[in-house]
Every structure is written in C-alpha cells, then in structure tokens.
Amino acid sequence: VGATVGVYVNRDRPVEFAATLAGTELFTDASGNVTLTKTPSGWDIRLHATGLPRREDGEYYQAWLKNDAGLLVPIGSFNDGRDVTLWSGVGPGDFPTLTVTQEIADGDQASSGLVVLIGVAGES
C-alpha cells in the first residue's frame, strides 16, 4: 500500500510598505521612492532619490520616520540618494511619514528642519 502525502507550505509575503517622495521648496525637482520591508531585526528601508546634490565634507542627508504627533525617529544618513539602505526599529504603521533633511555634522543630533523630501508610506 502506498500513500502520497502533500505538504502545503504557506510562505506569507513579508509585510511591506511603500511611498513616493516629493521634493520641497528646497529642491523642487527632487523626487524618490522608498520601500519598507519588515524583518526580524526591524525595518529594511530602500530609498532611491534623484535631484539631490551629493553632500560631502561634514554635510549629509538624514532620513526620519515621523508619527502623527510629530515625533521623529532617525533611520540613517547618506551622501547620495541614488541607492540607499536604511534601518528602523519602528514601523511605518505607527510612523507613516518619511522625511529627508539636510544636516551638518555639528554635534546636534536633532533635525535641522531643512526637509528636502517627504512622503507618506502605505501598505503595499
């Protein structure tokens, strides 16, 4: 007597959010997109932006997630926006707005408020 056993493997899609980023009055031609994928370690965030000049010599861009109350969580810094990997311990469900600011390495860890890109993430 033979028996065939089928095993159904449920491979859930990872939780993923996405956003389109728009330039602000500082860089009106800038734009970008971002995907945020939940992992066991936190949120793997991939950002691709155009229209932002490269920053060097102590100047950089800082990415942030923001909740509805305005609380900012830093998620990483970079010099060129073409292929950026960021990480976050908080998710876009609670912190849906993603902003990118211009920063200077001056010892002040608070946001400069000089937002160059902004967008709101939604589940994809």
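How many aromatic pairs does the structure hold? Two. Keep in mind that this is a predicted model.

Let me take one of those pairs. Phe 17 and Trp 43 have ring centres 5.7 Å apart, with their planes at 80°, so the pair is edge-to-face. The cut-off for that label is over 60 degrees. Now look at where the partners sit. Phe 17 is in strand 1, residues 16-23. Trp 43 is in strand 3, residues 42-50. Buried or exposed? Phe 17 has 11% relative accessibility and counts as buried. Trp 43, at 9%, counts as buried too.

Stay with strand 1 for the pairing. It runs antiparallel to strand 2, over seven bridges. One example: Thr 20 has Asn 33 in strand 2 as its bridge partner. Strand 1 also joins strand 9, residues 122-123, through two bridges, again antiparallel. Here Phe 17 comes back, because its bridge partner in strand 9 is Glu 123. Then there is strand 8. Strands 1 and 8 pair in the antiparallel sense over two bridges. Gly 23 has Leu 117 as its bridge partner there.

Next, the core. The largest nonpolar core has 25 residues. Which residues have the most contacts inside it? Leu 47, Leu 98 and Val 100. Strands 1 through 8 each supply at least two residues of this core. For orientation, strand 2 is 31-39, strand 4 is 59-66 and strand 5 is 72-78. Strand 6 is 84-88, strand 7 is 97-104 and strand 8 is 115-120. The largest share is four residues, and strand 3 provides it.

Look at Leu 98 in detail. Leaving out residues up to four places away in sequence, Leu 98 touches Leu 21, Val 34, Ile 45 and Leu 47, among others. Its list also includes Trp 64, Leu 65, Ile 75, Leu 117, Ile 118 and Gly 119.

Ser 88 is in strand 6. Its relative accessible area is 5%, so Ser 88 is buried. What does its side chain reach? The backbone oxygen of Val 90, at 2.7 Å. Beyond four places in sequence, Ser 88 touches Gly 42, Trp 43, Ile 45, Leu 65 and Ile 75.

Gly 42 deserves a stop of its own. Gly 42 is found in strand 3. With a relative accessible area of 13%, Gly 42 is buried. Its contacts, again beyond four places in sequence, are Thr 37, Trp 87 and Ser 88. And a distance for scale: the C-alpha atoms of Gly 42 and Gln 102 are separated by 25 Å. Along the chain, those two are 60 residues apart.

Most residues other than glycine have a negative phi. Buried or exposed? Asp 57 has 79% relative accessibility, so it counts as exposed.

One more ring to finish. Which residue lies over the face of Tyr 61? Arg 55, at 5.5 Å from the ring centre.

Key
Residues numbered from 1 in each chain as written. Predicted model: local features only at pLDDT ≥ 70, side-chain atom pairs only at ≥ 80, totals over all residues. Heavy atoms only, no water. Phe/Tyr/Trp six-rings, centres within 6.5 Å; stacked < 30°, edge-to-face > 60°. Buried < 20%, exposed > 50% of the residue type's maximum accessible area, 1.4 Å probe, protein only. Lys NZ or Arg CZ within 6 Å of the ring centre and 35° of its normal. Core = buried A, V, L, I, M, F, W, Y, C linked by side-chain atoms within 4.5 Å. Contact = heavy atoms within 4.5 Å. Polar contact = N/O pair within 3.5 Å; in protein donor to acceptor, adjacent residues only side chain to side chain. Pairing = 2+ DSSP bridges.
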